[in-house]
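Please examine the structure displayed here. The paragraphs that follow lead through its pairings, its contacts and the confidence of the prediction.

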Amino acid sequence: MSAVIRLDDLTLGYDGHPAVHHLDGAFETGSLTAIVGPNGSGKSTLLKGITGALKPLGGRIEHAGISVREIAYLPQIAEIDRTFPAVVSDLVSLGFWKSRGLFGAIRGVDRGALDEALQAVGLRGFEQRPIDTLSGGQLQRALFARVLLQDARVILLDEPFTAIDEKTVADLIALVQHWHNEKRTVIAVLHDVEMVRRVFPQTLLLAREPIAWGATSETLHPENLLKARRMTEAWDEHAPWHDHVAKHHHHGDAA
Amino acid sequence: MNLVQLFIEPFAQFGFMNRALVGAIILSVSAGPVGVFLMLRRMSLTGDAMAHAILPGAAAGFLVSGLAILPMTLGGFAAGLVVALLAGLVSRFTIQREDTSLAAFYLISLALGVMLVSLKGSNVDLMHVLFGTVLALNDDALVMIGAIATVSLVGLAVIWRPLFAECLDPTFLRSVSKAGHPVHLIFLALVVLNLVGGFQALGTLLAVGLMMLPAAASRFWVRGLEGMCALAVGFGVVSSYFGLLISYYLGVASGPSIILVAGGIYVVSLFFGRRGVIFTRVQAPRHRVA
Ligand SMILES: Nc1ncnc2c1ncn2[C@@H]1O[C@H](COP(=O)(O)OP(=O)(O)OP(=O)(O)O)[C@@H](O)[C@H]1O
Ligand SMILES: [Mg+2]
């Protein structure tokens, strides 16, 4: 198997402060990985880095054989203008972007795909509903349907199941597993450790720094979870600047 | 004089009324949809800022060649584009948001423009630039407005889908394509284009009225984007026609008459529109079975 996304001593952050620190590793093609960690541990930051929206403070992200624009990304908080006069099918069919291009119209075959996607997330009959009338969970499901239509080789999901009811979550999990069978690479940020154990073969446990990355059963070892919980969430405003010449030193180690 | 004559006579009899009507209608058709997008992107005041921003360019054209159409239009267009670009760049590379940087640049631009006009012209000339000359539209001006409207409509049709996506979900558009930023700039260029077209007929200050008022009124009636655009165009055309008629019979300035009619349509829509104040208040408390 080959890596589709490789992280090389990656540091991501804001205003010079690292939020994800010295991350090394790779997401294999066709892997199904969960990213787990406490609030503020840098999970969303890592996904933003992988989509290219956030430039690394240090290190590199390598995409093998795909462009960042071919990655489907479901953000934790979508910046959708809900007052815009659009209906559900308008929103969901944005997912045809890759196949239809900037100016192409939506065709007959697309109608079929659109119906299927809405069916898959349980939004059949909502095609013409204005988006400002959707409930929170319904909107999240519409966005999931859009990811379906994007038909991407790599799919990033940031807490995709928040605000979604149990039955729909079960349906969506089945979808994720279906993607996995189709050899798509799926990376999902989740807080539900039970679900991760059940569904995701691979796990990255993050607490600003990587705690563990590998097979889920080993990564989610109680000892690791405890270690992750001890992460300090706030950063030090006056922390000294990192010396980039000295690669791979360890923070907290006595000098 | 019968009723039909009352409504048609001024336009049939006087070439200048006829041209004024044609010019204003063309402008309504092209500015209406642009106004709808401005409103939906919460940039309603951007039109106003832009209208001020084009002033120094128009003034420079005016200094060079008096009240000639082409230099003033080109100058205004260039000035508007520069301001739009600078504002866009500032918001892209600093934390300042576009509305603030736009305000800064249009104020600079406006001051420059007024200063330029005061260098040469009298106040009458300034009034000319500011409040327009709809009754003095010549054929050259009509051709210019026609060309501008054509470019604007075609341009809007071409960027319609990416612009729609940009309005609805900018983060998504950014993740799948590089088009977001160029599309935003092209859209601002279309705004400027319509304003420079409008200031020939209505003046810089009122060109914006024909763009925003019909758009704002349309939102009280329909929900869909296409419907809003169509209705805005309709309101603009109606305002042009009745505004000119009023200006003819009452002997008042034509530009403000047109805008006041549009303003009247807005107020009526605000109260009596299907999504206006009254209807949303008095909806009967009943419900369907499912
Ligand atoms: N735009 C931003 N500017 C500055 N700091 C930010 C920004 N976004 C996130 N941070 C900080 O970066 C750190 C990591 O944030 P991130 O959103 O990646 O956390 P997360 O693991 O996704 O947490 P959660 O489980 O709450 O979603 C946090 O300390 C947060 O305060
Ligand atoms: Mg997060």
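In this predicted model, the side chains of Arg184(A) and Asp151(A) form a salt bridge, with N and O 2.9 Å apart. The two residues lie 33 residues apart in distant parts of the chain. Arg184(A) sits in the loop between α6 and β7 of chain A, whereas Asp151(A) belongs to the loop between α5 (136-150) and β6 of chain A. Side chains of opposite charge can pair when their charged atoms come close. Over all chains, the structure holds 11 salt bridges.

Chain A itself is divided into two parts. Domain 1 covers 1-66 + 154-255, and domain 2 covers 78-152. Where the domains touch, 17 residues come from domain 1 of chain A and 10 residues from domain 2 of chain A. Together the two domains bury about 1,100 Å² between them, and 67% of this area is on carbon and sulfur atoms.

How many salt bridges cross the interface of domain 1 and domain 2 of chain A? The rule finds 2 salt bridges there. Asp165(A) forms a salt bridge with Arg141(A), and their closest N and O atoms are 3.8 Å apart. Between the two domains of chain A, 3 residue pairs are in polar contact, both residues being at pLDDT 80 or more. On the side of domain 1 that touches domain 2, the elements giving two or more residues are β6 (154-158) and α6 (166-181) of chain A. The largest share of that side comes from α6(A), with 6 residues. By residue type, this side of domain 1 divides into 11 nonpolar, 2 polar and 4 charged residues.

The next interface is the one between the chains. Chain B gives 26 residues to this contact and chain A gives 25 residues. The area buried between chain B and chain A is about 2,400 Å², with 60% given by carbon and sulfur atoms. Which three residues supply more of the area that chain B buries against chain A than any other three? They are Arg161(B), Leu168(B) and Phe172(B), which supply 30% of that area.

Charged and polar pairs also cross between the chains. The rule finds 3 salt bridges across the interface of chain B and chain A. In a salt bridge between Arg42(B) and Asp81(A), the N to O distance is 3.3 Å. The interface of chain B and chain A also has 6 residue pairs in polar contact, both residues being at pLDDT 80 or more. On the side of chain B that touches chain A, the elements giving two or more residues are α2 (15-40), α8 (139-168), α9 (170-176) and α12 (225-250) of chain B. The residues of this side of chain B comprise 15 nonpolar, 4 polar and 7 charged.

Finally, the confidence of the prediction may be considered. For the complex, the predictor gives an ipTM of 0.81 and a pTM of 0.85. Chain A has a mean pLDDT of 88, and 90% of its residues reach 70 or more. Within chain A, confidence is lowest in helix α3 (residues 97-100), at a mean of 75, and highest in strand β7 (residues 185-189), at 97. Over residues 245-255 of chain A the pLDDT is below 50, and this stretch has 10 contacts in the model beyond near neighbours in sequence.

Chain B has a mean pLDDT of 87, and 92% of its residues reach 70 or more. Helix α7 (residues 123-131) of chain B has the lowest confidence in that chain, at a mean of 63, while α12(B) has the highest, at 95. The helix α12 of chain B is also one of the elements that give two or more residues to the side touching chain A.

Note on methods:
Residues are numbered from 1 along each chain as its sequence is written. Chains are lettered from A and ligands numbered from 1 in the order in which they are written. Side-chain values use heavy atoms; hydrogens and water are left out. Domain bounds come from an automatic or database domain assignment. Contact means heavy atoms within 4.5 Å. Buried area is the accessible area (1.4 Å probe) that two parts lose on being put together, summed over both. A salt bridge is a side-chain nitrogen of Lys or Arg within 4 Å of a carboxyl oxygen of Asp or Glu. A polar contact is a pair of N or O atoms within 3.5 Å; within protein, one must be able to donate a hydrogen and the other to accept it, and residues adjacent in sequence count only if both atoms are side-chain atoms. Helices (H or I, at least four residues) and strands (E, at least two) are DSSP runs, numbered from the N terminus. Ala, Val, Leu, Ile, Met, Phe, Trp, Tyr, Cys and Pro count as nonpolar, Asp, Glu, Lys and Arg as charged, and the others, Gly among them, as polar. pLDDT is the predictor's confidence in each residue, from 0 to 100.
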